[in-house]
Amino acid sequence: MNDIMINAKNIMKSFGSTEVLKDISFTLEKGHVLSIIGPSGSGKSTLLRILTQLETADAGSLELVGKPLFTNVDGKAVYENIAQRRELNLKTGLVFQNFNLFPHFSVLRNITEAQRAVLKRDKDEAEAKAMDLLKKMNLADKAKSYPCELSGGQKQRVSIARALAMDPEILFFDEPTSALDPELTLEVLKVIRGLAEEKMTMVVVTHEMNFAKGSSDEALFMDGGVIVEKGNPTELFDNPKEERLRRFLNTFNA
Amino acid sequence: MANLIFQLFKGLNFSVRIFFLTLLFSLPFGFVVAKGRMSKIAPVRWITDLYIQIMRGTPLILQLLFFYFAPFYIFHASYDRFFAVILAYVLNYSAYFAEIYRSGLQSMDKGQYEASQVLGFTKAYTFFHVILPQVFKKILPSVGNEVVTLVKDTSLASTLGIAELFRVAQTSSSRVFSTTPIFVAGVFYFIMNYLVAKFFDVVERKLDYYE
Ligand SMILES: Nc1ncnc2c1ncn2[C@@H]1O[C@H](COP(=O)(O)OP(=O)(O)OP(=O)(O)O)[C@@H](O)[C@H]1O
Ligand SMILES: [Mg+2]
């Protein structure tokens, strides 16, 4: 039984001539929550997008849930075949900053559609699963609503439910609260904390320093496409070793 | 009068046939053109763009004459007028629909594709279940405008001597020295467009449940 859920080695990515990720290596254990912090443009989203297959890496290697997604061959990332990519795609979920709910589907259908079309669950099973998740998100009464009728915080909770319905083994969040007002931020963070208690393996890109410090097992600071510092969040926040991280943290304390 | 109405209905029959045949072919073909216009292959893009520019940049009446007379002069071949009419309308309207489809497709949020991909939908599933319904709703008003224009444009088929509503009205008018036939034909066009507008109204309202 392999307990390493993410094993990333020397991942590189450029857009044209700009190197966005320079040499990213890290691992994440099952049941752990990793927070990724860093200034705008440091490559956090790009990294998540490579882990969730929305982008392809140029070089490096990556194992998810103990299985390779791509391996480094002669300085190039060589991807596994489509079946493997798809299998790993199903084991990962992603929650977006701006939710990306399907506006033409009801809340319920947002959560059942992929269960039915992709996992081939039958209608009753998918709906039961969706209702369970909605209850957990405190949104059972919104099942028949449409996304346009929800607040930002409610939308984000629906999108978390939509991702969870697929039973992912790793859940990624790209700034899940950045589009939300402070009160709504709290309700979403509470949900993510609840998932952490259930030992969901998660990677959260966030600007919520309290969350990163208080609710994650590991933290990682990126700047300019490299991991500048990583480790225990309390260490990282209370005792930053790198000057760049210190300066970054100061911008929040000010 | 009864005879006049009978004649006009016969004309109307042609107009309605032009109308439906044009829609039947140009609504789907417009999609092919839109795909060509957005193609990754540059020459395909240029050619479809040129085609769209020509169709939208020259009068339909001129295109009608061209599609009927060009084969005649170039190949000394003649063919059915009605076919020439439908060909001209379909090619013309496909260009307009293509541009509407393209703007609708391009206005779709990238996030909808990404969410679909992360959830594991195939490309085809994403297109038919996520993208198309939203694009459909978005472009419906523009398509409606185009269809209203088509109702009126069917009268241009008279230039090739097709005995559609307008032509029948015009000839009866000069035969009986009265504007009544023209007026009645106007009422016919008006009613057709009233129905078209109502139809789009109903569909739009059916899709009102989301934003
Ligand atoms: N598709 C793309 N094409 C070209 N450049 C891109 C693309 N995506 C990202 N970039 C560039 O890569 C760099 C890193 O972007 P990324 O979105 O990963 O940063 P980020 O750390 O998530 O920033 P933010 O905190 O603002 O979300 C930026 O300079 C960005 O402009
Ligand atoms: Mg980002």
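This section describes the strand order, the helix packing and the ligand surroundings in a predicted model.

In chain A, five strands are arranged as an open, antiparallel sheet with the order β2-β1-β4-β5-β6. From one strand to the next, the twist averages 20°. Within this sheet, β1 (residues 4-15) and β4 (residues 59-64) of chain A are joined in the antiparallel sense by five bridges, and A:I6 is placed opposite A:L64 in β4(A).

Two helices of chain A contact these strands. Helix α1 (residues 44-51) lies across β1, β2, β4, β5 (67-73) and β6 of chain A, at about 60° to β2(A). Helix α2 (residues 82-91) of chain A packs on the sheet through β4, β5 and β6 of chain A, and its direction makes about 125° with that of β5(A).

Helix α1(A) also gives the most to the shell around ligand 1, contributing three residues. By class, this shell comprises three nonpolar, seven polar and two charged residues. Among the residues surrounding ligand 1 are A:F15, A:V20, A:P39, A:E175 and A:H207. Oxygen atoms of ligand 1 take part in several polar contacts: one lies 3.0 Å from a backbone N or O atom of A:G43, one lies 2.8 Å from a polar side-chain atom of A:K44, and one is 2.5 Å from an N or O atom in the side chain of A:T46. Of the 630 Å² of accessible area that ligand 1 has on its own, the protein covers 57%.

Conventions: Residues numbered from 1 in each chain as written. Chains lettered and ligands numbered in written order. Predicted model: local features only at pLDDT ≥ 70, side-chain atom pairs only at ≥ 80, totals over all residues. Heavy atoms only, no water. Pairing = 2+ DSSP bridges. Helix = DSSP H or I, 4+ residues; strand = E, 2+ residues; numbered from the N terminus. Axes fitted to C-alpha atoms, helices over the stretch in contact; angles between N-to-C directions. Contact = heavy atoms within 4.5 Å. Near = heavy atom within 4 Å. Polar contact = N/O pair within 3.5 Å; in protein donor to acceptor, adjacent residues only side chain to side chain. Areas by Shrake-Rupley, 256 points an atom, 1.4 Å probe, with all protein chains shown as cover. Nonpolar A, V, L, I, M, F, W, Y, C, P; charged D, E, K, R; others polar.
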